[in-house]
Amino acid sequence: MKVYLVRRVLAVIPVMLVVATVAFVLVHLAPGDPASVIAGPYATADDIAKLHHQLGLDEPLPVQLLRWYGRLLRGDLGDSIFLRRPVLEAIADRLEPTLLLTTFATLIAILIGVPTGIVSARRHNSVADQSFMLLALLGISVPNFLLGLLLILVFGVWLGWFPVAGYVPLASGLWANLRSLLLPSLSLGLVQSALIARITRSSMLDVLREHYILAGRAKGLPERAVVYKHALKNAIIPTLTVVGITFAILIGGAVVIETVFNIPGLGRLIISAVLRRDYPVIQGVVLLIAVAYTLINLLVDLAYLALDPRIRYQ
Amino acid sequence: MKTKALVLLALSVLLAVPGQAQETPRVGGVLKAAMIGEPPSLDLHWTTAVITQQITWHVYEGLYTYDRNFNPIPMLAEGHTIADGGRRYTITLRKGVKFHNGKEMTAADVVASLQRWGKMATPGKLLWKDVEALEAKDPSTVVIHLKAPSGSLLYGLGRPNNGAAIYPKGVIDAAGDGQLKEFVGTGPFRFVEHKPDRHIRLARFKDYVARAEPPEGYGGKRTAYVDEILFIPVPDVAVRLAGVETGEYHYGQQIKQDQYERIKNLAALEPRIVKPSFWATAVLNHKQGLMTSKKLRQAFQAALDMEPIMVAGVGNKDFYRLDGALFYPEQAVWHSQVAVSAYNQKDKQKARKLLKEAAYTGQPVRWITTKEYEWMYKNALVAKQQLEEAGFKIDLQVVDWATLVQRRNKPELYEVFSTGFSFQADPALATSIQCNWPGWWCHEEKERLLAETVRESDPKKKKALIERIQMLFYEDVGRIKFGDSFSLDVARKELRGFLSTPELFFWNAWLAR
């Protein structure tokens with residue numbers, strides 16, 4: 001177990017190195033540069049070139065890359081060109097909204113998706129099953145920004161129950177924080193709940209057809225125990241994978257939803273950074289998201305071990 | 001009883017009349033303005049970004065600003081005298097004006113600021129070519145020695161965009177060659193905090209020394225009625241409008257023009273048409289490639305029908321004007337109809353003939369545009385169709401704004417690019433006719449006329465020069481003007497005293513509740 005864990009953690013290092021290099025090269029090869037954005041629309045080419053030099057962007061790319069590696073080794077992601085503060089600080093400042101948003105969205109996705117999947121599997125081919133699956137299909141097909149705008153229109157503008165945009169930090173009160181996050185979490189979570197529902201349903205259907213379930217029923221176990229104790233524990237493994245992926249997808253989805261709902265999280269940070277070509281911020285956030293993906297994968301794998309002892313022997 | 005009723009009636013009339021005639025401004029409250037994005041810098045000398053100007057000119061002030069007719073009027077200056085045949089400007093500063101750091105503004109601050117502006121800012125560099133020396137004669141007098149008389153100096157000093165903001169000398173020294181580290185000015189609002197992607201918070205400056213004259217254009221008495229202004233970046237246009245509708249923001253900028261009718265029907269809101277705003281344009285590359293051929297440029301101009309292009313861009317007749325003049329009708333002194341018969345020709349026959357004379361054989365015309373400003377893309381899309389009907393082959397390249405801004409500086413990469421030219425008070429400083437700007441419309445006679453325009457201070461003579469430049473603009477096809485475009489902003493009705501002008505400002509505005 002310990003060896004496995006150490007091996008998995010060490011395997012993260014080359015992945016990070018590749019991600020860091022690709023992120024660096026891609027953002028620097030993309031057209032557009034921060035100097036043009038800072039100088040504004042009426043600046044002359046000379047003004048922009050001067051700024052380019054001041055920002056150190058006229059040095060050869062390999063030199064810039066080596067310098068970045070050097071800083072990375074010291075745990076320094078560099079300074080944001082526009083925010084004029086360390087990238088790590090800027091990221092730390094944006095973590096709270098994104099973490100809360102993705103956590104709430106994942107909870108919503110699980111709370112809606114798992115029970116729906118179970119009910120659908122138990123009432124296979126019933127009207128309820130088919131209706132849920134139709135809704136799930138719709139859910140998967142709707143882009144989350146569209147759902148977000150719809151929720152803003154209905155619950156923000158027409159009913160006035162929730163703010164249409166903005167973020168209230170947790171420190172300002174739990175209720176105010178929840179109010180500011182509910183609509184964006186729903187926009188993200190509802191779409192993902194559809195995926196979780198479909199996976200849970202199909203996995204439960206497979207398990208419910210197994211012989212041990214039949215045996216359990218034959219020996220007179222209550223249906224509740226059959227479904228929740230025996231079937232669900234085994235059926236949940238594929239769902240767990242999807243929940244893990246969901247959390248990771250939601251970090252990506254937050255990029256769009258944070259922009260729509262004007263939430264100052266990591267998503268907004270990276271969108272602004274891309275539009276302004278704030279290279280150190282783009283590189284830093286990409287690296288961080290890669291770390292998050294890798295860690296989530298690791299945690300999901302560890303959860304498998306806990307849930308299914310057979311995996312330990314493979 | 002009757003007497004009492006009469007007294008009450010008289011009192012109520014007395015109380016009611018002033019209320020109806022003019023509302024007393026309310027002091028207090030936090031004004032929330034939903035902006036299209038974040039400023040790239042808060043240093044006004046550093047960037048030409050309009051959003052930087054819109055936010056920071058509440059904090060910083062210049063020696064001059066503009067009146068309602070866009071003529072320069074003193075702001076931090078008390079006044080000036082001109083001597084030595086128009087080559088020496090002696091500017092007297094207002095006394096007792098304090099910076100937000102508590103220090104009093106002196107000539108040393110002004111000299112340091114103007115020198116930095118002349119070295120760093122795009123319009124500053126342009127004007128500084130004619131400045132020989134700058135000196136602080138005494139703590140409240142600054143003297144500018146020019147190489148030649150200037151008709152543009154005061155316009156330049158009053159210009160809001162990338163403007164000649166006066167900072168404390170200490171702040172400038174601390175900044176060195178880089179951007180400001182502190183944001184200190186003399187304006188009615190002081191900078192409090194910048195939380196990126198959340199807000200920029202400004203608060204009333206309690207020691208602000210306002211001018212005595214009543215408000216006039218951007219000048220006169222500036223009063224900070226609200227306690228604070230929050231400039232909140234709200235990138236999604238639908239959310240900007242929804243936020244103003246629900247009362248989360250008091251003002252939202254750049255709303256889609258197709259929402260105009262809907263906003264008019266919402267009781268709590270007021271649509272604000274910003275007029276003039278900018279002209280929509282296609283900039284031709286005069287330096288390299290196909291468009292160096294004058295006949296091709298003329299064919300390009302001849303083929304276009306501006307009405308459908310402007311309709312596609314803004315959608316509603318209230319938001320555009322088909323006018324070929326280089327300057328707006330609102331700038332009565334500079335507006336002219338000379339040579340505009342070449343604007344909006346919609347003559348495909350003529351275009352085909354010119355293409356033939358230019359020996360054009362269908363080489364693709366690379367046109368860079370962006371969907372980040374949707375109107376630019378839509379303008380280009382309709383124009384492309386019209387040009388192709390006339391025989392051009394257009395290769396429309398849609399990129400993001402940052403890419404467009406970078407590519408337009410490389411003459412080998414394009415023939416045409418989309419942009420807009422925002423309102424400029426002084427024709428001599430207008431980007432639309434500058435030679436050293438992408439597109440590089442450099443023309444010997446035009447440059448000579450432009451140099452004369454900078455020097456000329458007699459409005460009549462200056463207008464004659466502008467008319468000659470306008471003739472050359474159409475004869476040589478400097479750029480392609482599609483039309484004047486107006487933006488739509490939205491404000492809640494409780495935002496009072498707020499004027500919609502080409503430049504956004506919130507001093508003298510208050511919140512009724």
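Q: Where do Glu357(B) and Lys353(B) lie?
A: In this predicted model, both residues belong to helix H11 of chain B, residues 348-357. They are four residues apart, about one turn of the helix.

Q: Which residue meets Glu452(B) in a salt bridge?
A: The partner is Arg448(B), at 3.0 Å from N to O.

Q: Which residues are linked in a network of salt bridges?
A: Arg321(B), Glu330(B), Lys481(B) and Asp484(B) are linked in this way.

Q: How many salt bridges are there over all chains?
A: A search of the whole structure gives 42. One of the salt bridges joins Asp400(B) to Arg277(A), with an N to O distance of 2.7 Å. This pair crosses between chains: Asp400(B) sits in the loop between strand E15 (393-399) and H13 of chain B, and Arg277(A) in the loop between helix H11 (266-276) and helix H12 (279-307) of chain A.

Q: How is the size of an interface expressed, and how much area do chain B and chain A bury between them?
A: The size is often given as the accessible area lost when the parts come together. For chain B and chain A this is about 3,700 Å², with 51% of it on carbon and sulfur atoms. On the side of chain B, the residues that lose the most area to chain A are Pro40(B), Asp197(B) and Arg198(B), together 16% of what that side buries. In terms of contacts, 47 residues of chain B meet 41 residues of chain A.

Q: How many salt bridges and polar contacts does the rule find across this interface?
A: There are four salt bridges and 26 residue pairs in polar contact. Helix H4 (122-128), strand E10 (228-233), helix H7 (237-245), helix H13 (401-407) and strand E16 (416-422) of chain B each supply at least two residues of the side that touches chain A. H13(B) gives the most, with six residues. By class, this side of chain B has 20 nonpolar, 14 polar and 13 charged residues.

Q: What partner does Asp197(B) have in a salt bridge?
A: Asp197(B) pairs with Arg268(A), the closest N and O atoms lying 3.1 Å apart.

Q: Which residues touch the most other members of the largest nonpolar core?
A: That core has 178 residues, and the ones touching the most other members are Ile144(B), Trp367(B), Phe392(B) and Phe482(B). Leaving aside residues up to four places away in sequence, Phe482(B) touches residues including Leu304(B), Met306(B), Tyr343(B) and Trp367(B). Another core, of 31 residues, lies apart from the largest one; among its members are Val12(A), Ile237(A), Ala248(A) and Ile282(A).

Conventions. Residues numbered from 1 in each chain as written. Chains lettered and ligands numbered in written order. Predicted model: local features only at pLDDT ≥ 70, side-chain atom pairs only at ≥ 80, totals over all residues. Heavy atoms only, no water. Contact = heavy atoms within 4.5 Å. Buried area = accessible area lost by both parts, 1.4 Å probe. Salt bridge = Lys/Arg side-chain N within 4 Å of Asp/Glu carboxyl O. Polar contact = N/O pair within 3.5 Å; in protein donor to acceptor, adjacent residues only side chain to side chain. Nonpolar A, V, L, I, M, F, W, Y, C, P; charged D, E, K, R; others polar. Core = buried A, V, L, I, M, F, W, Y, C linked by side-chain atoms within 4.5 Å. Buried < 20%, exposed > 50% of the residue type's maximum accessible area, 1.4 Å probe, protein only.
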